[in-house]
Amino acid sequence: MSDLFRVEGLSKSFGGLAVSRNIDLAMAAGDRLALIGPNGAGKTTFVNLVTGQIRPSAGRVLLNGEDVTGLGAVRRVRRGLVRTFQVTRLFSDMTPEEHVTLTVLQREGKASRILGRFRGSAEVAGEVETLLRTLGLLDVARRKVGEIAYGQQRLLEIAIALALKPKVLLLDEPAAGVPSSETPRIEQALEHLPSSLAVLMIEHDMDLVFRFARRVVVLAAGEIIFEGLPSQVAANEKVREAYLGNYAHARRVA
Amino acid sequence: MQAIAKSRQAATVSGGNTHLLRDGLGLLLIIAAGAAGYWLFPDNLALLTRVIAVALLVLSIDLIVGYCGVATLGQATLYGAGAYAAGMACLRGVTEPMTLIVIGAAAGAMAGLVMGTIMLRAHGLAQLVLSIAIVQLAHEAANKASAYTGGSDGLAGFSPSPLFGTFEFDLWGRTAYLFGLALLVLVFILLKFVVASPFGMLCRGIKEDPVRIRSMGAFVFPVLLKMFIISGAVAGMGGALAAISTQVVGLDSVSFELSANSLVMLVLGGLGSLYGALIGTVIFMGFEHFVSAINPFHWMTMVGALLIAVVLVAPGGLSGLIDRALPGMRDKGGQRP
């Protein structure tokens with residue numbers, strides 16, 4: 001089977017502390033995978049390893065069969081391996097339109113042009129508008145990001161990622177910090193992601209995970225302890241112990 | 001639906017117009033202020049020309065500090081490179097003033113390339129310290145290479161030929177001032193385009209969050225280096241203008257003091273708007289001139305007090321204050337009708 005995206009034996013230790021241990025994972029085009037696990041399980045570290053923000057101690061990352069382990073973060077993005085951030089990283093005095101325009105221009109290799117206007121091309125403007133409309137951000141397209149709702153900022157994170165036309169998209173808690181009234185918008189956006197895209201989502205909201213994912217991977221203490229269907233995950237003894245126990249408990253208290 | 005699209009389009013157009021109107025008005029104000037200076041202070045044109053030269057230096061700092069978030073206390077390196085290059089060229093027979101400006105810009109750009117390559121290896125405080133080290137080294141190099149630079153005596157004894165072959169650089173400094181003013185306006189217009197370009201936007205992004213820019217698939221280093229080169233060209237033109245107008249190039253043109261003062265001017269005027277650089281330079285140097293005439297011992301204290309007041313009351317600098325006072329002039333692109 002030729003996987004679009006494959007991770008082999010990925011490990012990372014900081015000093016004597018192993019935060020990722022021998023992780024193997026593969027995704028095909030169109031995959032919808034959720035990566036869950038208790039806090040401190042190494043989920044964000046995994047995303048950082050895969051996208052090249054930090055270097056692994058061992059293991060390989062393959063994209064389309066090409067070993068990208070030696071490449072920096074920027075080159076991985078250019079090959080279609082794109083992420084969003086757990087805490088939004090946006091430019092507070094720019095508008096959503098400017099964010100997406102900048103991203104599209106960058107994808108087309110035009111972002112460092114000194115000559116030429118920022119909103120020069122109608123083609124780019126059209127693409128930007130389509131993307132913003134798809135994500136329901138057209139109404140706030142020209143407001144500064146600092147002034148728009150947090151849920152809309154999360155959607156903008158996704159819009160920026162999509163503007164890069166990724167092959168593999170890693171969503172780091174897309175609904176984190178979003179008030180429950182706004183989660184349906186995020187969920188809707190996730191449902192409408194391009195079908196050919198392989199998506200890995202880290203998420204704590206189990207309802208969202210069960211609706212979104214076709215496959216669930218559970219990470220605990222830097223190790224994969226379960227991989228399978230969402231319907232099986234709750235029944236797994238190991239998972240209950242590591243994660244769902246806590247979760248169920250938390251729910252009961254709430 | 002179509003109506004919405006139309007009203008959106010209208011908003012876009014009017015947003016763009018506000019922007020153009022604002023910049024056009026700003027430009028007119030600069031020219032008006034420049035002309036006023038010419039008529040009101042005919043005996044101080046040499047000082048005013050120096051203000052313009054330093055304004056170019058402060059603009060060049062704004063490009064790096066205000067638009068890219070790279071702190072520097074060594075920008076006079078680039079200004080000095082332009083000044084010495086123009087002075088040396090003039091001594092060796094290249095006396096055409098436009099050519100001298102181009103030579104200054106080229107020397108400044110080259111110095112910017114070198115300085116950027118070194119400084120961008122570091123971050124934060126280390127970067128700032130590197131910039132100081134570079135300006136001190138450049139200062140020492142200019143001092144030691146006296147065969148080329150005149151050492152502590154400076155470069156003198158060169159005189160640029162008349163502008164366009166007709167306008168002599170007169171004793172009152174009229175030609176030099178008007179030449180400088182035209183240069184400043186031209187550079188200002190060009191820089192407005194630069195900061196509004198995709199490249200300018202990318203720089204703003206880098207200033208706020210380089211990690212985000214990388215995760216958009218853009219390399220940070222080449223973008224910043226490019227800005228260093230542009231900044232060097234602008235500072236170099238300032239240096240060349242100073243060399244042409246005073247017909248002297250001294251070690252003070254490549255000093256830490258000039259670097260630090262011009263950073264203070266920028267903070268005073270406000271970072272990241274280009275207007276702030278001009279306002280800050282005029283206020284600071286005006287203070288320097290008039291207040292030091294009234295009270296030669298304590299004028300720096302007053303500048304210090306003014307700076308503290310500005311930082312506390314208007315963190316956006318004086319230009320930010322004007323923005324707040326004239327809300328109608330603010331870029332309305334962000335607001336929907």
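In the predicted model, A:Val7 stands opposite A:Val61, a residue of strand β4 of chain A, where strands (E, at least two residues) and helices (H or I, at least four residues) are DSSP runs numbered from the N terminus. Local features of this model need a pLDDT of at least 70 and side-chain atom pairs count only at pLDDT 80 or more, whereas totals for chains, interfaces and linings use all residues; side-chain values use heavy atoms, with hydrogens and water left out. Residues are numbered from 1 along each chain as its sequence is written, and chains are lettered from A and ligands numbered from 1 in the order in which they are written.

Strand β1 (residues 5-14) and strand β4 (residues 58-63) of chain A run antiparallel and are joined by five bridges; two strands are taken to pair if DSSP finds at least two bridges between them. A:Phe5 has A:Leu63 opposite it in β4 of chain A, and A:Phe5 also has a bridge partner in β2 of chain A, namely A:Met27. The pairing of β1 with β2 in chain A is likewise described by seven bridges in the antiparallel sense. In the hairpin made by β1 and β2 of chain A, two residues lie between the strands, and A:Gly15 takes a positive phi near 65°. These pairings belong to an open, antiparallel sheet of four strands in chain A, with the order β2-β1-β4-β5. Its edge strands are β2 (17-27) and β5 (66-67) of chain A, each of which pairs on one side only.

Chain A as a whole contains nine helices and ten strands. Its radius of gyration, taken over C-alpha atoms, is 19 Å, close to the 18 Å that the globule rule (2.2 Å times the number of residues to the power 0.38) gives for 254 residues, so chain A is as compact as a globular protein of that length. The C-alpha atoms of chain A fill a box of roughly 60 × 45 × 35 Å along the principal axes. Of the 254 residues, 54% count as buried, a term that means under 20% relative accessible area, with exposed meaning over 50% and partly exposed lying in between (1.4 Å probe, protein chains only). Contacts (heavy atoms within 4.5 Å) between residues of chain A at least 6 apart in sequence join residues at least 24 apart in 66% of cases.

In chain B, 14 helices and two strands are found. The radius of gyration of chain B is 21 Å, close to the 20 Å given by the globule rule for 337 residues, so chain B is as compact as a globular protein of that length. Of its 337 residues, 50% count as buried, and among contacts between residues at least 6 apart in sequence, 78% join residues at least 24 apart.

On the surface of chain B, a nonpolar patch is formed by B:Leu113, B:Val114, B:Ile118 and B:Ile229, which together have about 290 Å² of accessible area. Accessible areas come from the Shrake-Rupley method with a 1.4 Å probe, and for residues only the protein chains shown count as cover. Patches are made of residues with over 30% relative accessible area and no salt bridge, with nonpolar side chains (Val, Leu, Ile, Met, Phe, Trp, Tyr) joined within 5 Å and like charges within 9 Å; a salt bridge is a side-chain nitrogen of Lys or Arg within 4 Å of a carboxyl oxygen of Asp or Glu. Helix α4 (residues 97-119) of chain B supplies the largest share of the patch, three residues. B:Ile118 is found in this helix and is partly exposed, with a relative accessible area of 38%.
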